[in-house]
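Biologist: Hi! Could you walk me through this one?
Modeller: Happy to, here it comes.
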Amino acid sequence: DTIAYARGLTADELADRLVPTLGLEEDGANKLDFGARSFEIVFGEDLLPKVKDADGKLHADLPKPNKSDDKDLAKVAKTRLSALKKDARMTASLQIARMERAMRTMRPIAGSVFLTCFATHPWMSHLARRFVWGAFPSQDALTSSSRGDGASKTTIKTFRVAEDGSLADIEDQPFTLTPESVVVLLHPLAIAKEELERWGQI
């Protein structure tokens with residue numbers, strides 16, 4: 001709280017900026033190399049890593065090396081995955097709880113912060129892709145809506161974070177956040193019924 005106050009931030013705003021990258025920001029960091037084979041690191045809804053093979057099949061852990069694999073590379077890959085699981089497990093529940101709190105309170109997130117700390121963050125993006133987000137043109141518009149004397153559910157611009165970190169609307173068209181935009185994590189009750197049903201299908 002003291003550090004946040006000194007920087008003119010709330011504790012949650014500081015926490016947005018302190019989410020670890022777990023080393024996933026490096027080129028090729030989502031790949032585990034066995035030499036003859038490679039595996040992609042993916043994250044489940046619990047934010048814990050799994051591996052996907054060339055056929056797209058998910059595995060909770062790396063398979064044992066076969067004769068065509070490089071034993072040294074396989075050992076390095078296994079060590080790296082174990083470390084990643086440990087690091088992710090230490091903070092995953094914290095990040096999920098923060099998102100639950102953000103949904104309950106409709107905590108405003110500046111558009112620029114959302115892009116760097118959520119949409120394109122090497123680790124947090126895996127969680128951000130699982131939500132429907134709402135964008136307001138300004139803080140005033142959000143405040144007016146929360147009081148019930150301004151924008152209704154139908155005027156909230158909803159969007160999602162796509163797999164490549166870009167933003168997409170309900171028509172799966174590119175969505176752009178302006179510098180003045182304020183983003184909130186939307187509770188289902190804050191979304192118009194027809195739109196909620198369409199998002200559910202997506």
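Biologist: Which way do the residues of strand β6 point?
Modeller: In β6 (residues 133-136), Trp 133 and Ala 135 point one way, Gly 134 and Phe 136 the other, and all are buried. Buried means under 20% relative accessible area, exposed over 50% and partly exposed in between, with a 1.4 Å probe and protein chains only. Strands are DSSP runs of E, at least two residues, numbered from the N terminus.
Biologist: Before I go on, what should I know about the model?
Modeller: It is predicted: local features need pLDDT of at least 70, side-chain atom pairs count only at pLDDT 80 or more, and totals for chains, interfaces and linings use all residues. Residues are numbered from 1 along each chain as its sequence is written, and side-chain values use heavy atoms, leaving out hydrogens and water.
Biologist: OK, how many bridges join β6 to β9?
Modeller: Four, with β9 (residues 182-185) running antiparallel to β6. Phe 136 has Val 182 in β9 as its bridge partner. Two strands pair if DSSP finds at least two bridges between them.
Biologist: And what stands opposite Trp 133 in β7?
Modeller: Phe 159 does. β6 and β7 pair antiparallel over three bridges.
Biologist: What is the strand order of the sheet?
Modeller: This open sheet of five strands runs β5-β9-β6-β7-β8, with antiparallel pairing. Its edge strands, β5 (109-110) and β8 (167-168), each pair on one side only.
Biologist: Switching topic: is Pro 49 buried or exposed?
Modeller: Buried, with a relative accessible area of 4%.
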